[in-house]
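This briefing is meant for a reader who is meeting the structure for the first time. Please look over the sequence and the model shown here before going on to the points that follow.

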Amino acid sequence: MIPLPNLNLRSVKEYREPLSPSHRLLRSAGKYHLLIGVTGSVATIKLQELIAEIHKQSPPDKIVIKVVTTPNAMNFFNPIDLDEDVFDDRDEWSMWQSRGDPVLHIELRKWADTLLIAPLDANSLAKIAHGLCDNLLTSLVRAWDFNKPLYFAPAMNTAMWENPLTYQHMKTLKELLQFREIPPIEKELMCGDKGYGAMATVQMIASIIASVHNNCCPLVLSFIFIRSFNIRYFQKLHKMWVFGYGSLLWYTDFPYTEVVPGLVKGFSRRFYQLSPDHRGTPEQPGRAVTLVPEEKGTCWGLAYKVPEHAVESTIEYLNFRERAGYTCEQVEFHPDDGSPSFNLYVYISLDNPYYNPSDMDEIVNTIIRSRGRSGTNLEYALRLADVQRRLAPHYYDHHLFELERRLLDACISLRVEDKILQVLGYKLDYLACNASSDKAQILAEDMIFSKAG
Ligand SMILES: Cc1cc2nc3c(=O)[nH]c(=O)nc-3n(C[C@H](O)[C@H](O)[C@H](O)COP(=O)(O)O)c2cc1C
């Protein structure tokens, strides 16, 4: 269990006098104005780290950050620890005393180029989805200028995340309001539970903000889905990069300082790797992706830069994690932002007992029936398709999307009830029937494979 930080809980923080009506929010010429909203999630303790990372990943002296906090978020950080201005509910009402005085949430709306809410907790998510505006942050969101991007990074306990209400609220934010999600990840949560719902890493959030700021691939880095990986050294700079093209980021528990989306050419991603542990058992191995050399093949993925001090331990960790024999190949990586390609080494898994090229029927049959210690194989495959679509809408992976289609057909004919189907929003008729009778129970249950097994 991850110990909770030593929180200095305070319901009201009088860290400075509330602002007066004469306070003005001035924009600085040539700079990018970022507002960070924080809510009452424990992930708010990362605020200082997040701000530092955003500064690190953005061009120097080009970004100005201000913070808007809910009253509950102030239990998790102390504004005096920050160099940035922090606005709270008191300011909203102290700046406005009579007609003609500034209305803070409107002034903030005008001041900002982008609003990032990180973390967005379940309560504020629900309020925003329903249009409530009972504090400075929710009023700002309600009044938001839809010509400007709004990013949100949900953070909550897995039980909250898997509650059907969360799915509905997220849908409203993403589809109706067109806000952009920086999806949560799976890891050990601060409350000690292990599961999905933790806030995306600060590196990930910062790289998205930096890419918006640099006006390159603003939508691409909205989600990370990594597990299979290739390791390569960016020889010129003697930096190590990890290339992720497979499963979710829930095990990126190695440090990284940069994320670059892009393509590896000369390889295709295939579900040809047997998984006797994470997504299956030794008796009934599941399937994970691997890279297969193909002259005209390409594979889209994310490259993670591992800091020099952590290279050795990361290699050790990754070798242990995958426990398979890899052969080393040199490949070219092409960043999505058009910056120059560079050579790197990949470890591909053609030379090990778990490499198992098969036809689509066999892959579908295996995936639909397998589960391992990391969860169901179906979850793995559908999540991969989902993230590939969301992260790289410009890139179409035929093998993956064909597999997704075939898996959904199999789910329908076998009436598979895996909560991932609802989490990812697949609209399958038989699930809708079940949902109306007892959706909450289905979502709360573990995988039910009664008909598939
Ligand atoms: C120690 C602690 C940690 C919490 N962490 C979270 C969290 O990560 N996500 C969440 O949705 N709620 C979390 N909550 C509950 C919220 O703080 C609570 O719902 C609160 O009303 C949110 O208020 P706000 O959305 O106005 O900031 C936590 C509560 C406590 C006491």
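**Helix packing and ligand surroundings**

In this predicted model, helix H10, which covers residues 360-369, and helix H11, which covers residues 377-391, have axes that come within 6 Å and cross at roughly 120°. The points below take up this pair of helices and then turn to the ligand.

*The contact of H10 with H11*

- On the side of H10 the contact is made by Thr 366, Ile 367 and Ile 368, while H11 brings Asn 377, Leu 378 and Ala 381 to it.
- Sorted by class, the residues of this contact are 4 nonpolar and 2 polar, with no charged residue.
- Two packed helices are described in general by the angle between their axes together with the distance between the axes.

*The shell around the ligand*

- The ligand is surrounded by 14 residues, of which the closest are Gly 40, Ser 41, Thr 70, Ala 122 and Ser 124.
- Divided by class, this shell has 6 nonpolar, 7 polar and 1 charged residues.
- Helix H4, made up of residues 122-129, gives the most to the shell, with 3 residues.

*Polar contacts and burial of the ligand*

- Ser 41 places a polar side-chain atom 2.8 Å from an oxygen atom of the ligand.
- With a backbone N or O atom, Val 42 lies 3.3 Å from a nitrogen atom of the ligand, and a backbone N or O atom of Ala 122 lies 2.7 Å from an oxygen atom of the ligand.
- The ligand, when taken alone, exposes 650 Å², and the protein buries 67% of that area.

How values were computed
Residues numbered from 1 in each chain as written. Predicted model: local features only at pLDDT ≥ 70, side-chain atom pairs only at ≥ 80, totals over all residues. Heavy atoms only, no water. Axes fitted to C-alpha atoms, helices over the stretch in contact; angles between N-to-C directions. Helix = DSSP H or I, 4+ residues; strand = E, 2+ residues; numbered from the N terminus. Contact = heavy atoms within 4.5 Å. Nonpolar A, V, L, I, M, F, W, Y, C, P; charged D, E, K, R; others polar. Near = heavy atom within 4 Å. Polar contact = N/O pair within 3.5 Å; in protein donor to acceptor, adjacent residues only side chain to side chain. Areas by Shrake-Rupley, 256 points an atom, 1.4 Å probe, with all protein chains shown as cover.
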